[in-house]
Amino acid sequence: MASASSSSRIHRRPAQAQEAQGVGQDLLMSLPPEMLDNILRRLPFDKLVRTCCLNPAWHRRWESIPNLDIWFSAGSNAAPDARVLCRCAAPVRSFTARVRMPHFYRAARWLQAQARKRVEKLILKFDNPWFSRSAGVLGHALFACRELTHLELCGYCHFPHAPHGFGGFPNLVTLLLSHVAFPFSGGAAQLEHLISSAVDLTELSLNDVKTSHFDDGAPAQRCAIRAPKLRVLKLIMFFDNGCRLSEEFPLLEEAIISIDDLFWTLDYINTFRRIRNAKRLLIETDSIQINENPLQGISWKFQNLRVEITKRADENDEDFANGEIDDPESDDAIDEDIIKAEISDDLFANLKHVSLDGIKCLPNDIWFMKFVLSKTRLLESFIITFGYRQISKSYLDACTELAMCQKASPQAKLMVRLSDEPDSI
């Protein structure tokens with residue numbers, strides 16, 4: 001009898017284990033629907049769809065989750081099928097995807113699916129190299145995404161021509177365009193309308209945006225940027241694309257500017273006039289082009305400004321990397337007395353933080369740094385990163401001059417270093 005009882009217990013254990021396993025599989029399904037939705041929303045979309053394979057009860061569960069943030073696992077090479085995207089519940093809160101070259105055509109289909117889902121945040125990153133002639137295709141379904149509050153397009157892609165009567169994206173708060181082209185007549189006007197129609201726009205980034213065909217040699221058409229509620233502005237142009245700041249931005253907090261192609265023009269000066277309310281200003285420039293005073297004509301005062309200036313350098317320039325520069329007595333030297341007379345004494349009166357990156361020890365670089373140190377009374381930190389891989393005579397001479405000039409701002413912490421090196425003084 002004991003043996004039979006023991007045998008019975010042995011035979012019951014697998015059944016009990018299977019029953020416990022079955023209960024475990026249904027634990028999630030026993031949760032309140034809102035709680036389960038919150039859990040499933042945290043999954044990348046490719047893994048979320050795979051939950052349909054768990055058991056019959058899960059077969060279409062993912063399709064009922066509203067306000068999805070659609071994104072994909074890191075390293076996932078699978079391009080989402082537009083037919084699967086159409087099965088998502090509306091509304092969709094955000095859609096983020098990297099578009100690889102073999103699947104450029106699919107982006108337009110994804111937009112068709114998302115337009116029906118009232119997507120609010122759209123991020124598409126086209127993974128094509130800079131030398132590729134293949135441009136991403138968005139398609140006209142983009143204009144049906146009227147509920148967009150965030151639009152971010154990165155990589156070489158063509159923005160479609162808007163249909164007649166397009167009223168813009170009225171709810172847009174963030175617009176980030178990087179290497180995006182408007183390759184048609186009226187492209188500048190469409191970009192201008194896209195910005196001005198977003199009355200609540202607070203962040204705008206235009207990085208190497210093309211507003212027309214540049215092959216015909218015709219001058220770029222003007223795109224007037226108007227956004228009275230703007231708080232963050234990034235304007236980078238490697239050539240004149242016609243984009244201009246047409247009004248001041250009273251709420252501006254941060255500006256990143258690189259407009260070398262406008263040097264020595266009134267548009268260059270007016271750009272800085274429009275952003276004089278910024279609290280943080282980063283200027284990216286190539287000091288080789290600045291053979292005259294870039295600050296000439298700036299007579300207004302920047303309030304509570306922090307400045308960071310990046311000097312672009314050719315990484316393949318061995319002379320530069322090794323610290324060999326032009327003769328300081330060359331024609332590029334700046335007449336300091338003339339410039340001092342042209343610049344307001346309180347231009348940098350409230351400046352607290354300065355960071356310069358990629359400095360080359362050219363005469364105008366040295367003069368500018370000495371000038372800032374001499375004109376600031378509230379400066380707290382002055383960080384200079386020279387674009388050299390090793391110590392050179394020019395570097396040592398510059399350090400000596402700056403250390404002497406720091407006496408004008410003894411409260412400031414001066415940090416001078418080589419590229420990718422810790423602080424040296």
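**Entry 1: ground rules.** Helices (H or I, at least four residues) and strands (E, at least two) are DSSP runs, numbered from the N terminus. This is a predicted model, where local features need pLDDT of at least 70 and side-chain atom pairs count only at pLDDT 80 or more, while totals for chains, interfaces and linings use all residues. Residues are numbered from 1 along each chain as its sequence is written, and side-chain values use heavy atoms, with hydrogens and water left out.

**Entry 2: a loop residue.** I started with Gln390, which sits in the loop between β15 (381-386) and α11. Gln390 has 40% relative accessibility, so I noted it as partly exposed. Then I looked along the chain to Leu418: it is 28 residues from Gln390 in sequence, but their C-alpha atoms are 7.1 Å apart in space.

Asp357 and Leu418 are 61 residues apart along the chain, and their C-alpha atoms are separated by 9.6 Å. Asp357 is partly exposed because its relative accessible area is 36%.

**Entry 3: the whole protein.** I stepped back for the totals. The protein has 11 helices and 16 strands. Of its 425 residues, 46% are buried. For contacts (heavy atoms within 4.5 Å), I looked at those with a separation of 6 or more: 70% of them are between residues 24 or more positions apart.

**Entry 4: a covered helix.** Next I picked helix α5 (residues 106-115). How many of its 10 residues are buried? I got 7, so I wrote "mostly covered". The buried ones are Ala107, Ala108, Trp110, Leu111, Ala113, Gln114 and Ala115. What do they pack against? The list is β1 (68-70), α4 (82-85), β2 (92-100), β3 (121-127) and β4 (136-137).

**Entry 5: two helices side by side.** Two packed helices are described by the angle between their axes and the distance between the axes.

**Entry 6: rings.** Rings of Phe, Tyr and Trp (its six-membered ring) pair if their centres lie within 6.5 Å; planes under 30 degrees apart count as stacked, over 60 as edge-to-face and the rest as tilted. By that rule I have 10 aromatic pairs. In one of them, the rings of Phe166 and Phe169 have centres 5.3 Å apart and planes at 75 degrees, so I call the pair edge-to-face. Phe166 and Phe169 are both buried. They also belong to one aromatic cluster with Phe143, Phe159, Phe182 and Phe184.

**Entry 7: a buried arginine.** Arg244 is in strand β10 (residues 243-245). It counts as buried because its relative accessibility is 10%. Leaving aside neighbours within four places in sequence, Arg244 is in contact with Arg222, Cys223, Ala224, Ile225, Met237, Leu262 and Asp267.

Entry 8: Most residues other than glycine have a negative phi, and most peptide bonds are trans. I looked for exceptions. The peptide bond from Ala90 to Pro91 is cis, with omega near -5 degrees, and Pro91 lies in the loop between α4 and β2.

His179, not a glycine, has a positive phi of about 60 degrees. His179 belongs to strand β6 (residues 174-181) and is partly exposed, with a relative accessible area of 32%. Asp208, also not a glycine, has a positive phi of about 55 degrees. Asp208 is in the loop between β7 (203-207) and β8 (223-225), and it is buried at 9% relative accessible area.

Note on methods. Buried < 20%, exposed > 50% of the residue type's maximum accessible area, 1.4 Å probe, protein only.
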